[in-house]
Each structure stands twice: as C-alpha cells, then as structure tokens.
Amino acid sequence: MTDRRRFLRHTALALGGVIVTGCDRISDSQTGERILSQAEKLNHLAQKIAAPGDVLAKEFTEADISAVFKPNGSTMPDTPDYRALLNNAFRDYRLAIGGMVERPALLSISDLRALGMRTQITRHDCVEGWSAIGKWTGTPLRQVMDFVRPHMRARYVVFHCYDEYEEGTPYYESIDLAEARHPQTLLAYMLNGHDLPVQNGAPLRLRVERQLGYKHAKYIRSLQFTDSFASIGDGKGGYWEDNGYEWYAGI
Ligand SMILES: Nc1nc2c(c(=O)[nH]1)N[C@H]1C(S)=C(S)[C@@H](COP(=O)(O)O)O[C@H]1N2
Ligand SMILES: [Mo]
C-alpha cells in the first residue's frame, strides 16, 4: 500500500468512529425530525476523503424549511453588555476582529453586508438529538478574512460570545482556517429572510455547516485569529470542548 492509501484508510477509520458516534447520538432523538442512515453518513465520508476541502454540506429547498427553528443553549443572554446592545436594537453592535491579522477591524452589520452575502438552506444537527432546517443569510467568513488578512502563522479563528452559559464563563468556539474559508461558513445575521431572532443568536452567529450544532457560536462579540487556543478558556477550543466534547465535530 502506498503511504497515501494507508493514510486514507486510517483517516476513514478515524472519521468512521466519529461519524458512528454522531449517528448514535442523533438516533437517540425523541424530537428529531429525521435520522440519518449509516449509508448516507458513509457516503458523505467517502466524499470527504475524495476532496476534503471542497465538499459542500447538502442544501435544501424552501419547502424543506422547518416551521420552527428550535432554539437551544443560551436563548437570552443576561450580561450587561448584551442587554445594552439589545435595548438599542443592536444599532451600536460592532464585531471586533483582532489577534493575528494585518488589519484589525470593528465592523457593523452593514459593513459585513458590504463585504459580500450568501444565502443557504441547510440542516442543523444538535448532539442532543434534534435537527432543523433553516435558511441562513450572512457574510462568508472568507470574505471577512480577505479584508482583515490573517498572518501566515494563524491557524484558528476563535469566536468569543456575549453569553455566559455558566456565570463568569463566556461561551466560545473555534475552527481551523480551512473550515473558516469553506464557502458555506458564514457570519449570519438573517434566519428565514428576517433579522436573526435573539433566541437564535442575534445579531450575529456562526454557520459552519459540516459540523455539529455546538460549533455554531451565537451572540458573537469578537473574532480572534491565533496559532493556538491553549491559553483560552480551559484550552480545549470551546465551551463544550472544555466540558468533554470533541473539538472536531464533523457530521
Ligand atoms: N453563544 C452560544 N452559542 C451557541 C450555544 C450557546 O449556548 N451559546 N449553543 C450551541 C448549541 S449546543 C446549538 S445546538 C446551537 C443552537 O442554535 P439555535 O438556538 O439557533 O438552535 O447553538 C450553539 N451555539
Ligand atoms: Mo447543540
């Protein structure tokens, strides 16, 4: 076997493990709208191995949109900073972008819109065993990256959020720069054609369509480009990762 084939086989086994676990969790569902078959997961896995960077998550039609997009986790952050923004209908909101970038920025939602927009209808899968299909509109993160220009050494982008899921512990998440540049990775400000509701993460949340629900940071306060997340939170790359979840939450 060539090294490449051996590598692909090992990757398949490793990813297979993750995927089967994800599937078991989803099939625990009492409220889940649908359950993925093992075959569909394996097919998805095969595609990933063929062209890992390019694979798009499945997109759906208007007719598939869920009547209610179930809110989960924090649904009304009660920190003073967030309340102040909410009281003014988010007019004072500015996304802070810093860390390992050439051009740190403070961007309003209209600044983001000016960088580019994309709409996609996708399915969200939560590890708690439910799924929902929604239409998301936002600015592709890669267009924001073209504007702020991450350093060559930057490897991750960390999303710091306004909500404290536990008091004193803000929610946060992180993805690598390949996932950040994926065409379906959005900083989203609309759900189903309307401004993002507070319960779903207003004014700005992440969509990272090839990964499980907890990766999709809501209530984004700032983006930090970095070469390591070891000194952030408990060092595992996210609020739920610090509590034992996997960092790579591929579906
Ligand atoms: N800031 C923040 N982001 C978050 C969460 C949260 O509690 N706080 N929960 C996560 C989880 S577990 C899921 S399933 C989704 C839920 O998104 P929704 O409320 O739009 O359904 O948000 C994710 N992002
Ligand atoms: Mo979730």
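These legends accompany close-up views of a predicted model.

View 1. The structure holds one cavity of 30 Å³ or more. The volume of this largest cavity is about 330 Å³. Its lining comprises 24 residues, and Asn-72, Gly-73, Tyr-171, Gly-213 and Tyr-214 are the closest to the cavity centre.

**View 2. Make-up of the cavity lining.** Two strands, β3 (118-126) and β5 (156-166), each supply at least two residues of the lining of the largest cavity. Sorted by class, this lining has twelve nonpolar, seven polar and five charged residues.

**View 3. Ser-74 and its protein neighbours.** Ser-74 sits in the loop between α2 (38-50) and α3 (80-87). Its relative accessible area is 13%, under the 20% cut-off, so Ser-74 counts as buried. Leaving aside residues up to four places away in sequence, Ser-74 touches Asp-163, Tyr-165, Gln-199, Lys-218 and Tyr-219. With Asp-163 there is a polar contact between the two side chains, at 2.5 Å.

**View 4. The surroundings of ligand 1.** Ligand 1 is surrounded by 22 residues. Lys-70, Asn-72, Ser-74, Asp-163 and Lys-218 are the closest of them. Asn-72 is also among the residues closest to the centre of the largest cavity.

**View 5. Polar atoms facing oxygen atoms of ligand 1.** Ser-74 places a backbone N or O atom 2.8 Å from an oxygen atom of ligand 1. Lys-218 has a polar side-chain atom 2.6 Å from an oxygen atom of the ligand. For Asn-200, a polar side-chain atom lies 2.9 Å from an oxygen atom of ligand 1.

Technical notes
Residues numbered from 1 in each chain as written. Chains lettered and ligands numbered in written order. Predicted model: local features only at pLDDT ≥ 70, side-chain atom pairs only at ≥ 80, totals over all residues. Heavy atoms only, no water. 1 Å grid on protein atoms, 1.4 Å probe; cavity = no way out; pocket = protein on both sides within 12 Å on 5 of 7 lines; lining within 4 Å. Points joined across faces, edges and corners; volume = space filled by probe spheres on them. Helix = DSSP H or I, 4+ residues; strand = E, 2+ residues; numbered from the N terminus. Nonpolar A, V, L, I, M, F, W, Y, C, P; charged D, E, K, R; others polar. Buried < 20%, exposed > 50% of the residue type's maximum accessible area, 1.4 Å probe, protein only. Polar contact = N/O pair within 3.5 Å; in protein donor to acceptor, adjacent residues only side chain to side chain. Contact = heavy atoms within 4.5 Å. Near = heavy atom within 4 Å.
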